[in-house]
Amino acid sequence: MKKLLILFLLTHTLYAQTPSFKIQVVDNQIDIGYGLAIGDVDGDKKPDILLADQKEIVWYQNPGNQTGNWTRHVMAANLTPQDNVCIAARDIDGDGRVEVAVGAGWNPSETADSTKSGGVFYLIRPQDPTKNWEPVRLHHEVTTHRMRWAKVGPNRYQLIVVPLHGLGNRNGEGRGVRILAYEKPTDPRSRWTTQLVDSTLHMTHNFEIWEDGAETRMLLGGKEGSKLVRFLAGKWEQTEQWIGQGNGMGEVRRGFQNGKQALVTSIEPMHGNRLVVYRPNQKDGQTLTDRMNQGHALLCGDFLKMGSDQIVMGWRNPNADKKVGVRLFVPDKTLTTWQEFPLDDSVMMACEDLQAADLDQDGDLDIIASGRATLNVLIYWNNTPAGKR
């Protein structure tokens, strides 16, 4: 395993933290690495890494420390003639092991024929999770693109699936994207019920789910900006709340400052070059950088245990400085100025997706990235000394 140690020193006047991340290569022979998910696959109480690669769905078994090998296991392969594109993993039945759904049939130029574009599958776990999982094909819309499990009530979960385009959509115009919520039946091979979440947006790209309030909410990012919908009285309903309305958004995430004041961050436009932060009651966002090329991954989290979230973003094509990579943005003590630090300022990570999890269970969040052109999966181990945060 190739490992690099990267240390970042911040000034002690405004920035009291000293971030320290160590890079570990999990796999450097993937084919594209469209999407990542994190969850306990084998029931050993350690979070594993799941990957939707070009033709295979795989999981990497957590060795329990920062130096061990992450054993690769194939779950399913060649689900459709086209590529896989996304994956969702979550324990929805309380047995300590994740349920897994995947998206395939990646053919974004075909918006008229659902037999040639899109695919949604639930994977039935075998007794031995290192063996092949049984794929169950579900209903799908064209251009399946993103998915995630959402908790919508006590012991009730839905699989949210977001396509890129609506049926017959051309250049972001035409019918809206049909975002659907699927509910798993007792027998996953039987019919899954679906519920329409939203069909008003065009060219949606990614979304964020909030489950920490009185109701589950979802922020949908796309051509028109980001729109908030909510699950209330057993169904999804529209709200009049928008963030960055009129701005194209590819990635959207929510974070917190001072532990309670919400903020939303986005990459604009789709596959864009700008990282933007929106605060409550602010129409216009604050641009933190405009030096990305094909920004495609975004995280919020308190990696440094500051009491306020930091932002991690990644892009996949060389920018004006001929760099790809992953960057960490840290707010100062006034929470108005952000400083940028490279987690990977080399050619190692042409970032397609990012996830955060405490992989070694030491109490802080680590970062997991998949690289498109670099064909790799990396862990950025968070080794920031606790006394210097």
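Is N155 buried or exposed in this structure? N155 is exposed, with a relative accessible area of 75%. The model behind these views is predicted.

**View 1. N155 and its backbone angle.**
N155 sits in the loop between β11 and β12 (156–163). Its phi is positive, about 60°, although N155 is not a glycine. Most residues other than glycine have a negative phi. N155 counts as exposed because its relative accessible area of 75% is over 50%.

**View 2. The loop between β20 and β21.**
Two backbone features fall in this loop. P269 lies in the loop between β20 and β21. The peptide bond that leads from E268 to P269 is cis, with omega near -20°. Most peptide bonds are trans. H271 also belongs to the loop between β20 and β21. H271 is not a glycine, yet it has a positive phi of about 55°. With a relative accessible area of 30%, H271 is partly exposed.

**View 3. The largest pocket.**
The largest pocket holds about 900 Å³ of space. It is lined by 36 residues, and R148, E208, R253, Q355 and A356 are the closest to its centre. Seven strands are shown in this view: β3 (35–39), β7 (86–90), β11 (144–153), β15 (206–210), β19 (251–257), β23 (295–301) and β27 (351–357). Each of these strands supplies at least two residues of the lining. By class, the lining has 21 nonpolar, five polar and ten charged residues.

**View 4. R253 at the largest pocket.**
R253 is among the residues closest to the centre of the largest pocket. Its place is in strand β19. Is R253 buried or exposed? R253 is buried, since its relative accessible area of 9% is under 20%. Its side chain makes contacts with backbone oxygens. A polar atom of the R253 side chain lies 3.2 Å from the backbone oxygen of F207. The R253 side chain also reaches the backbone oxygen of L298, at 3.3 Å.

**View 5. Arginines over aromatic rings.**
R148 lies over the face of F207, 5.0 Å from the ring centre. R148 is also one of the residues closest to the centre of the largest pocket.

About 600 Å³ of space lies in the second largest pocket. Of its 32 lining residues, W210, Q241, W242, I243 and V264 are the closest to the centre. Two or more lining residues come from each of β16 (217–222), β17 (225–232), β18 (235–243), β19, β20 (261–268) and β21 (274–278). Which element gives the most to this lining? It is β20, with four residues. The lining divides into 13 nonpolar, ten polar and nine charged residues.

**View 6. Aromatic pairs.**
The model has two aromatic pairs. In one, the ring centres of Y122 and W192 are 5.3 Å apart and the planes meet at 55°, so the pair is tilted. Y122 lies in strand β9 (residues 120–124), and W192 lies in the loop between β13 (179–183) and β14 (193–198), so the pair ties together parts that are 70 residues apart in sequence. Both Y122 and W192 are buried. In the other pair, the rings of F231 and W236 have centres 5.3 Å apart and planes at 70°, so the pair is edge-to-face. F231 and W236 are both buried.

How many cavities of 30 Å³ or more does the whole structure hold? The search finds one. The largest cavity has a volume of about 30 Å³. Its lining consists of E141, V142, P163, H165, G166, L167, G176, V177 and R178. These residues divide into four nonpolar, three polar and two charged.

**View 7. Two separations in sequence and space.**
A88 belongs to strand β7. At 3% relative accessibility, A88 is buried. A88 and R146 are 58 residues apart in sequence, and their C-alpha atoms are 8.6 Å apart. N258 is in the loop between β19 and β20. At 53% relative accessibility, N258 is exposed. N258 and P108 are 150 residues apart along the chain, and 40 Å separates their C-alpha atoms.

How values were computed:
Residues numbered from 1 in each chain as written. Predicted model: local features only at pLDDT ≥ 70, side-chain atom pairs only at ≥ 80, totals over all residues. Heavy atoms only, no water. 1 Å grid on protein atoms, 1.4 Å probe; cavity = no way out; pocket = protein on both sides within 12 Å on 5 of 7 lines; lining within 4 Å. Points joined across faces, edges and corners; volume = space filled by probe spheres on them. Nonpolar A, V, L, I, M, F, W, Y, C, P; charged D, E, K, R; others polar. Phe/Tyr/Trp six-rings, centres within 6.5 Å; stacked < 30°, edge-to-face > 60°. Buried < 20%, exposed > 50% of the residue type's maximum accessible area, 1.4 Å probe, protein only. Lys NZ or Arg CZ within 6 Å of the ring centre and 35° of its normal. Polar contact = N/O pair within 3.5 Å; in protein donor to acceptor, adjacent residues only side chain to side chain.
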